[in-house]
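This briefing goes through one protein structure, from overall figures to a surface patch and a pair of helices. Please keep the sequence and the 3D view open while reading.

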Amino acid sequence: MRTAKFWLLGLLLASPAAFPLSGNVVATDNVKAHLVSEVSAVAPGQSFWVALEFTIRDGWHTYWRNPGDSGQATTLKWQLPPGFTAGDIVWATPHRFEIPPLVNYGYAKHAVHLVNITAPKSLQAGTAIVLAAKAGWLVCSDVCIPENAELQMKLPVSASSGAIDPADAGLFTAARSELPSAQLAPTTARIQGDQLVIALGKDWGATLPQIKSLAFFPYDEGGIEYAAPQTLTRSPDAVELAMKVGYQPPQPGTVRGVLLATEQSGNGTVTVPMEIAASFSGAGAGQQPKGGPRFAPATATATATATTATTTTGAKPIASLPVLLAFAVLGGLILNLMPCVFPVLSIKAIGLVQQAKEHPAAVRAKGLVFAAGVISSMLCLAAALLALRAAGEQIGWGFQLQSPLFVTLLVYLLFAVGLNLSGVFEVGGGLAGVGDGLTRGDSYRASFFTGVLTTLVATPCTAPFMASAVGAALTQPPAFALSVFAALGFGLALPYLLLSFAPWMRRALPKPGAWMDTLKQAFAFPIYASAAWLLWVLAQETSAFGLGAALAGAILIALAAWAYQKSKSSAAPGRVAALATATLAVLLAILLPVRFADVAAAAASVSAKGGQSGDRSGDEWQPYDASQVARLNAAGRPLLVNFTASWCLTCLVNERNAFTDAAVQAVFRDKGVTLMKGDWTNRDPAITQALASFGRAGVPLYVVYNSKPGSTEPVILPQLLTAGAVQSAFADAPSRGSTP
């Protein structure tokens, strides 16, 4: 699976044509998909060919098995009758799409993907079978759109092998002519410096002098830098093709791919695609090119049309691993100052004061355990994120907060912590962290689970330095990405670690006393405020049923806390009844969001005030639309795109401080700025793709277009936004009445 999927600006169309339809022909807005069999009937035990045929809209393209610097390969998921088997797609030779500084591999106008199907020998003649498949593809032009279709076809079963259907014989003949042939002779590969060299030796005989040019299309992603030149060199008995090694160098064994040779033929030339498996000893294998991975998030577009945001920002090189680790540590450190982490600081503060009289070694140990909780939970979160992205999900930082069920459960957790701080129930001897409520007073485990809670509540926020580090990490191999997330967790835990290991800092803390009970109860209110904010987030994500279920569940959590506390002072029969009540209340509280939290809220209507979509400006926000971004950018219109989410506290603070400022509103009106909002509160693949195109994996992200006359290159504003920064961004833009 790719470690770098970079698309221009995704737009998932909601037109009826984009929904899966049944039949052997399905037409979306950009691709007509046709599932066809080479035979008119199938016999028991017969192997036969079927084809997924694409007729692609002019100016658009789909992708090969290795899409290159960006994109996604076409997929087929079969639903076959019992006993049938389907092979992998047999890929036609791809075309090369050059979008400097990027290169992609795929197909324009027309593509045919062949698949071999084998019927079971037990098949009964005189019956009929249905072959069904769900096809998925990414089609790109100025924007990239994930599309899919549910295709099926019915074939009769005959006693003898089915004949070739003459109606489609030409399609299969033409498709086979596009397949690469077997290599003429053995090839070898080696790494020489930062170059992968493929050698055609003397076994190629008389073919060698006929070769005029070569181009290599690797099967494995990341093995070469796709946009780097491929240089042909000759010697008396060999022809070699050298290309720069990519972020994931080949491993010992074979280097596989398609070698496209242009050969002399009479007075002209012919192009011959060959499938090669070059023997590779591994000398130098696994060496990373100097400077580390070079691929940056970028997008694919088949033609050099209007420049968009991603064509400029996407070409920036990714920093080396040490730089990204430093950024991650700094981002985690600053994350402690973000509003989403503040409520947990109260829990950490109580823990520090409670530890003031403990032995320094114990304090240090608890600091390390807290850091372990932060880092391990950060790694678990990162692993889940990477696994889901590898499975094709379009998600990023904070993805779990796009789940109404997760948000509801986090509300419960924070509400329970608040009730504990308020004294409604106590577990063990005190609260050095929310872990006490889970581990009956074991302070080391309490420190660990406080670290886990810190990570959970930190995810709605993004800090400076953190965004670029996380965005780059998600485009790299898993080990690389996990190291960046570990550094982020270390930065988040660093202040607590410093306090744990610095006696002079701990001596500045007040001595424990009776005042701590009052302080603990006072600290409950920031926790309640966090729970209330999450309920507001939930209201944006779900329906009234989902919100009502969460509120009812919170009442049940309060009942469980009260019943649990009563059990501690009750006699045996009453204790059993109280514990049973608490257990039942918790189970019901969890069951409610499972049943109702994912009930979708009705889509909010978009105001049409002020003209048609794309032409509004001033103080109205319109939904993000990649095609409108391209159109307005090409027209030279000033534009601000705000990628945000209701669960992102940093986003909400920025919007309150910057966008509602009267002077900023006046600038928007005076300059005729079009305002777009990419709302990522709920999962949206189009917005995920747009974020990735800027090297980001989460919100906030603020992008300004046409801030200066004649400049279409986008400008990214700071993540901690001020009114002054927004005004400065449009300072050079002409006023509405001026001539651009």
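The points below are grouped by topic.

The model is predicted. The protein contains 20 helices and 24 strands, and 51% of its 740 residues count as buried.

**Overall figures**
- Taking contacts between residues at least 6 apart in sequence, 75% join residues at least 24 apart.

**Nonpolar surface patch**
- A nonpolar patch on the surface is formed by Leu-409, Leu-584, Val-586, Leu-588, Ile-590, Leu-591 and Val-594.
- Together, these residues have about 560 Å² of accessible area.
- The most is given by helix α15, residues 572–596, which supplies six residues to the patch.
- Ile-590 lies in helix α15.
- Ile-590 counts as partly exposed because its relative accessibility is 37%, which falls between the 20% limit for buried and the 50% limit for exposed.

**Packing of α7 against α14**
- Helix α7 spans residues 404–422 and helix α14 spans residues 544–567.
- The axes of α7 and α14 come within 10 Å and cross at roughly 35°.
- The crossing of α7 past α14 is right-handed.
- On the α7 side, the residues that meet α14 are Thr-408, Tyr-412, Phe-415, Ala-416 and Leu-419.
- On the α14 side, their partners are Ala-549, Ala-550, Gly-553, Ala-554, Ile-557, Ala-558 and Ala-561.

Key: Residues are numbered from 1 along each chain as its sequence is written. This is a predicted model: local features need pLDDT of at least 70, side-chain atom pairs count only at pLDDT 80 or more; totals for chains, interfaces and linings use all residues. Side-chain values use heavy atoms; hydrogens and water are left out. Helices (H or I, at least four residues) and strands (E, at least two) are DSSP runs, numbered from the N terminus. Buried means under 20% relative accessible area, exposed over 50%, partly exposed in between (1.4 Å probe, protein chains only). Contact means heavy atoms within 4.5 Å. Patches are made of residues with over 30% relative accessible area and no salt bridge: like charges are joined within 9 Å, nonpolar side chains (Val, Leu, Ile, Met, Phe, Trp, Tyr) within 5 Å. Accessible areas come from the Shrake-Rupley method with a 1.4 Å probe; for residues, only the protein chains shown count as cover. A salt bridge is a side-chain nitrogen of Lys or Arg within 4 Å of a carboxyl oxygen of Asp or Glu. Axes are lines fitted to C-alpha atoms, for helices over the stretch in contact, and angles run from 0 to 180 degrees between N-to-C directions. A crossing is left-handed if the near helix is turned anticlockwise from the far one by less than a right angle, and right-handed if clockwise.
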